[in-house]
Amino acid sequence: MRRGMGKKNRMTSTVIQGADGPTSVFIAGKGKDNNIIRRLRTEMQRKQYQRRRARAAAGLTADAHSLAEVCIYIRERYHAEEVNASDIHYKEEYRSLKASMIQKYQPELLGEPLPPYDFTDVEAVKNYLEKCEEQVQRAVGIPPEQFPFDFHQYQITIDGCGRLDIVMDFSHDYISYSYSAEKGGRKVMDGIVKDIWLYYGVSKEDIEQESERMQALLTILASMR
């Protein structure tokens, strides 16, 4: 999903669908014809994504690096700078990721599960969001003795192209990214992301077990042109 930010795009998810290869051109009509065209286009994009993912999987080789090695790599190759803990973006990323990690590995520390909600019910959505914020606040206050969390955030700025933020949790071997791209800079930023994740890589065990780490890498390789 891509969220508009003026002339920039910020990445909040690692799946980007887009057509490559031969281009099919449809002349949009009205009514049901439009629905058919949308379904055809969506199906075409889905199949192209699957083909790219299959090619990426076939080309993977075992060459994994640790997060500590990734930190050294991005500092040396892209002049990445570690974001200060007092930075507002650091604080937001820290809160969000810690809550997500606890929700994944030790949800009992956050109390009762989030209530079900209905997007058509304004009050239900409001209640859900309030409960989410309560859980985030609770997560931030959980000490490392109960839940280890070793957070780091790095920033890479490419003049004329954009800014890439990389967040890591060394305790759970987690890494993710988001970026904002200047007009015309998306290709460069995509290339940097792919290079970093290929360096992070996968082990023989990741490939054999089709681990989460392997799936994340394949998503990035298949999603970016």
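Leu-114 is found in the loop between helix H3 (88-105) and helix H4 (122-140). Helices (H or I, at least four residues) and strands (E, at least two) are DSSP runs, numbered from the N terminus. The model is predicted: local features need pLDDT of at least 70, side-chain atom pairs count only at pLDDT 80 or more, and totals for chains, interfaces and linings use all residues. Residues are numbered from 1 along each chain as its sequence is written, and side-chain values use heavy atoms, with hydrogens and water left out.

Leu-114 has a relative accessible area of 30% and is therefore partly exposed (buried means under 20%, exposed over 50%, partly exposed in between, with a 1.4 Å probe and protein chains only). Leaving aside residues up to four places away in sequence, Leu-114 touches Tyr-128, Lys-131, Cys-132 and Gln-135; contact means heavy atoms within 4.5 Å. Leu-114 and Leu-129 are separated by 15 residues in sequence and by 9.3 Å in space, C-alpha to C-alpha.

The chain holds seven helices and six strands. Their order from the N terminus is β-β-α-α-β-α-α-β-β-β-α-α-α. The chain has 225 residues, of which 35% count as buried. Among contacts with a separation of 6 or more, 63% join residues 24 or more positions apart.

Glu-82 lies in strand S3 (residues 81-82). Its relative accessibility is 39%, so Glu-82 counts as partly exposed. Glu-82 touches Arg-75, His-152, Gln-153 and Tyr-154, again not counting residues up to four places away in sequence. Val-167 is 85 residues from Glu-82 in sequence, yet the C-alpha to C-alpha separation is 9.8 Å.

Helix H2 (residues 67-78) packs with H5 at an angle of about 145°, and the axes are 10 Å apart. Axes are lines fitted to C-alpha atoms, for helices over the stretch in contact, and angles run from 0 to 180 degrees between N-to-C directions. H2 contributes Leu-67, Glu-69, Val-70, Tyr-73, Ile-74, Arg-77 and Tyr-78 to the contact, and H5 contributes Ile-192, Asp-195, Ile-196, Tyr-199 and Tyr-200. By class, nine of the contact residues are nonpolar, none polar and three charged. Ala, Val, Leu, Ile, Met, Phe, Trp, Tyr, Cys and Pro count as nonpolar, Asp, Glu, Lys and Arg as charged, and the others, Gly among them, as polar.

The second largest pocket is lined by 19 residues. Tyr-174, Ile-175, Glu-212, Arg-213 and Ala-216 lie nearest its centre. H3, strand S6 (174-181), helix H5 (186-200) and helix H7 (212-223) each give two or more residues to the lining. H7 supplies the largest share, six residues. The lining comprises 10 nonpolar, five polar and four charged residues. On a 1 Å grid over the protein atoms alone, a pocket is an open set of points where a 1.4 Å probe fits, with protein on both sides within 12 Å along at least five of seven lines; lining residues have an atom within 4 Å of a point.

Asp-173 has a positive phi, near 50°. Its place is in the loop between strand S5 (162-169) and S6. Asp-173 counts as partly exposed because its relative accessibility is 40%. Phi of Glu-210 is also positive, near 50°. Glu-210 sits in the loop between helix H6 (204-209) and H7. With a relative accessible area of 54%, Glu-210 is exposed.
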